[in-house]
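Open the structure in your viewer and keep the sequence beside it. The tour goes from one selection to the next and says what is there.

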Amino acid sequence: MSATSTRPPTPRPPGRTAREGTFFSRAMRPLNTTMERFIPSSLVFTIVLTFAVAALCLLLTPAGPADVVVGWGDGLSGLLAFITQMALVLMLGHILANTGPVRRLLARLASIPRTPLAAYIFVFVVAAAASLITWGLGLVVGALLAKEVAAQARERGLVLHFPMLVAAGFSGFVVWHMGYSGSGPLTAATPGSFLTESLGGRTVPVSETTFSWWNITAAVVTVLVVALALFLVAPRAGDRIVELEIDARDQDAVSAPEIETPADRLDASRVPTLLVGAMLVIYLVMHFVGGGTLTLDIVNWSFLALILLLVRSPHELIGLTQSAASNVGEILLQFPLYAGILGMMTTTGLVAVLSDAFVAISNPVTFGLLAFLAAGLVNFFVPSGGGQFAVQGPIMLQAGDALGVDPAITIMAVSYGDQWTNMIQPFWAIPLLAIAGLKMRDILGYTTVVLLASGLVFGGTLLLVSL
């Protein structure tokens, strides 16, 4: 059965015309129709992007066809360690969001909004808060909460546009690199990372990046501005409404195991997971007490500890992991292709060409803004925060240092650019859309508006902090 059903335009009372809604919501109608007709699947998008980047390498660099092919082939396996870390972030976020306590929390939260507009904004704000904790959790919470809100709305007779709900959930992802799991700031804070040399052998603590007053302020303002943008473009009376057709809230629930043997009792016991979870918590406490910093690995182990403490048994953990793995699969397939794109851009020098074009016209005040725009462009080709920092980070840090720019500004400029164009880059929407049963073209019209609204905040922040 399809996950959604289409409802014709909401009947209008006598005297009302087809121009119902705000100017912005009416403007979304042709945009959404165009997106639905012409945007391909994320896999096809990746393949097309591969050949587009190859063409740019041939046109803008001295590389020949053989150089491009070798760079692509060598790059396919160039991010395997990082791919594993990213897959864990997503898988653990999915598992955590589907544990009993978190699902019950989501069910309670879903009962809060009482109008369609309130529902759209509410899903976005909750997804944004979850994304600031960890991007994997944010993506999954956005999808699950959208489904929960839609299902409860149907029970109350409330008509909600499901693609808009899912778009609101994905829009929360636009602030992820400002939060706890931001790979750029975490890498810069990690001793011996690939950014250490570009930083002159030192690290930049997260107190100067993620937890700086200006980044925290920017995150809050971004949430407010994007919420307003979603409010303005949300479907109103007279628009075509696509509702959630099935109540699939419990599709990821794990049934209790049958107890027939002592081994079954052990699989159904909470003791094994509690013991490992407690040990992991002790390790994390010792890590931070001993002066350890936040890294991608520590973020992953933090959420694994929470999972181990929240699940009811190893049996439930295995079932949740199997469900989560199905949503990681498409990303695992596409990540090597993006690594190949990164390989082409690195070996041919295309990243340096694109970055230098922006840097050449910058000064100490405008550098942050232009670095942000350059990072947004590069992210469209390499939608991985860590992978992008591996290539673009050193270039930008060295250029910023030559202009006397605070490295914290450079780091966050690249971070902002990375999260910004995710709104029109379908790669990270894959798990959310898989859970929701939609395609990128169903939500892209709305997320394009989020791109424009958030870009104003990011660019303005970097200009102000650079004065």
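Start by selecting Thr273, which lies in helix H12. Keep in mind that this is a predicted model. Is Thr273 buried or exposed? With a relative accessible area of 5%, Thr273 is buried, because buried means under 20%.

Now display what surrounds this residue. Leaving aside residues up to four places away in sequence, Thr273 touches Leu308, Val311, Ser313, Pro314 and Leu317.

Val285 has 47% relative accessibility, so it counts as partly exposed.

Which helix gives the patch its largest share? Select residues 271-289, helix H12: four residues of the patch come from there.

For the last stop, select residues 213-233, which are helix H10. This helix has 21 residues, and from its first C-alpha to its last it reaches 31 Å, close to the expected 30 Å. Then colour its buried residues: Trp214, Asn215, Ala218, Ala219, Thr222, Val223, Val226, Ala227, Ala229, Leu230 and Val233.

Methods
Residues are numbered from 1 along each chain as its sequence is written. This is a predicted model: local features need pLDDT of at least 70, side-chain atom pairs count only at pLDDT 80 or more; totals for chains, interfaces and linings use all residues. Side-chain values use heavy atoms; hydrogens and water are left out. Helices (H or I, at least four residues) and strands (E, at least two) are DSSP runs, numbered from the N terminus. The expected span of a helix is 1.5 Å times one less than its number of residues. Buried means under 20% relative accessible area, exposed over 50%, partly exposed in between (1.4 Å probe, protein chains only). Contact means heavy atoms within 4.5 Å.
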